[in-house]
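Okay, thanks everyone. Let me put the structure up, and then we'll walk through a few charged side chains together.

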Amino acid sequence: MKEDQRAENPRTHKGRGAQKETANRFSSRSYVDENTGEVTSESRNLKLVPTHPKSILNPIKSTDVPAAWGLNPYQGCEHGCSYCYARPTHEYWGYGAGLDFEQIVLYKPKAAELLRERFEQKSWKPEPVLMSGNTDCYQPIERRLKLSRSLLEVFVEYRNPLRIITKNALITRDIDLLQEMASHRLLEVHISITTLNEALRSKLEPRTSTIERRFEAIRQLREAGIKASVLMAPVIPGLTDSEILAVAKRASDSGANHFGYSILRLSKGVYEIFEDWLQHSVPERRSKVLSQVKSTHGGTSSSGEWGGRMSGRGPMAENIRQQAELAKKKFSFDVESLPLRCDLFRRSAHGQLNLEF
């Protein structure tokens, strides 16, 4: 969209992934602009809301995710990725999946305390935990709140295996703790990269780290002996699928151990937001992208089928899979890796390895 067109469009929210608010499907209350007919939100400034859950770990049942438990110190995400599958979860808190998701961030001030309590319970059996399975644990506010760092300190203390997914180079701040975990084969880091086109990146995921900073983060992690992979997530059919080999090459040049991908899926709440983003950002590709996304999910915008919802199905999905496989062979990424260790877990009360496991 040209600058003069953007200036004339009152609906454009500069620096935001979502360009609108959506109605909350769980609330009978909605706010509608009488002039435009758009759903509006009560809040337009960044707002931090503390929450106090009774537990910090959530069981993961999906076979698509290589972890038994999920951990998210934040709900909502400043990164503002227009395609984020976690957006509808904000509705459970009474907020919208659009701008609210980016501007109202809920955080768990006692996250580390809750994790320590869980690890101290004798019922806890050490298993890999995934941090950022929902929203990014290294989103910008982490620089100030340091909740993810406090959680890492607990993982180091108890030696429980951990996987981290992030789009933010802020993770390099914690190399000292990550290196300690990696030395015991307790850690995997996955840096998510969607495109090499910086102009597209700035619209698609406006407050994530730049592409160059993410590749530099991979280099720093690898130099510190930390296993770091590139996850091209999501691959957007009709928009970024032509970049698979190029992203894989940059990943290889940066020293990444592994290369993986997932295909874009748009749940009901996210579809409306992403469609609107396409119309604002790349209107000439809107129809093609939506059509090809649906072609990878059996004619719908998202599949709930475990084991296939992230890889999709159909000719387009198969083409993407073949490109990814070719990239792995061409750039000699690790095909198999040793599993994270679960036998080093220890409880702090004893100050020694717990031989129970």
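By helix I mean a DSSP run of H or I with at least four residues, and a strand is a run of E with at least two, each numbered from the N terminus.

Quick housekeeping. This is a predicted model, where local features need pLDDT of at least 70 and side-chain atom pairs count only at pLDDT 80 or more, while totals for chains, interfaces and linings use all residues. Residues are numbered from 1 along each chain as its sequence is written, and side-chain values use heavy atoms, with hydrogens and water left out.

Back to our pair. The side chains of aspartate 253 and lysine 249 form a salt bridge, 2.9 Å from N to O. That term means a side-chain nitrogen of Lys or Arg within 4 Å of a carboxyl oxygen of Asp or Glu. Aspartate 253 is partly exposed at 48% relative accessibility, and lysine 249 is partly exposed too, at 41%. Here, buried means under 20% relative accessible area, exposed means over 50%, and partly exposed is in between, using a 1.4 Å probe and protein chains only.

Helix H7, residues 198-204, holds another pair: arginine 201 and glutamate 198, 3 residues apart, again about one turn. Their closest N and O atoms are 2.3 Å apart in a salt bridge. Arginine 201 is buried at 6%, whereas glutamate 198 is partly exposed at 31%.

By that rule, we get 19 salt bridges. One of them joins arginine 149 and aspartate 174, at 2.8 Å from N to O. Arginine 149 is in helix H5, and aspartate 174 is in the loop between strand E9 and helix H6, so this pair ties together parts 25 residues apart in sequence. Aspartate 174 is buried, at 0%.

Last stop: arginine 347, in strand E13, residues 346-347. Is it buried or exposed? Arginine 347 counts as buried, at 4% relative accessibility. A polar atom of its side chain lies 2.6 Å from the backbone oxygen of glutamine 121. For the backbone oxygen of tryptophan 124, the distance to a polar atom of the arginine 347 side chain is 3.4 Å.

That's my tour, so over to you.

Key: A polar contact is a pair of N or O atoms within 3.5 Å; within protein, one must be able to donate a hydrogen and the other to accept it, and residues adjacent in sequence count only if both atoms are side-chain atoms.
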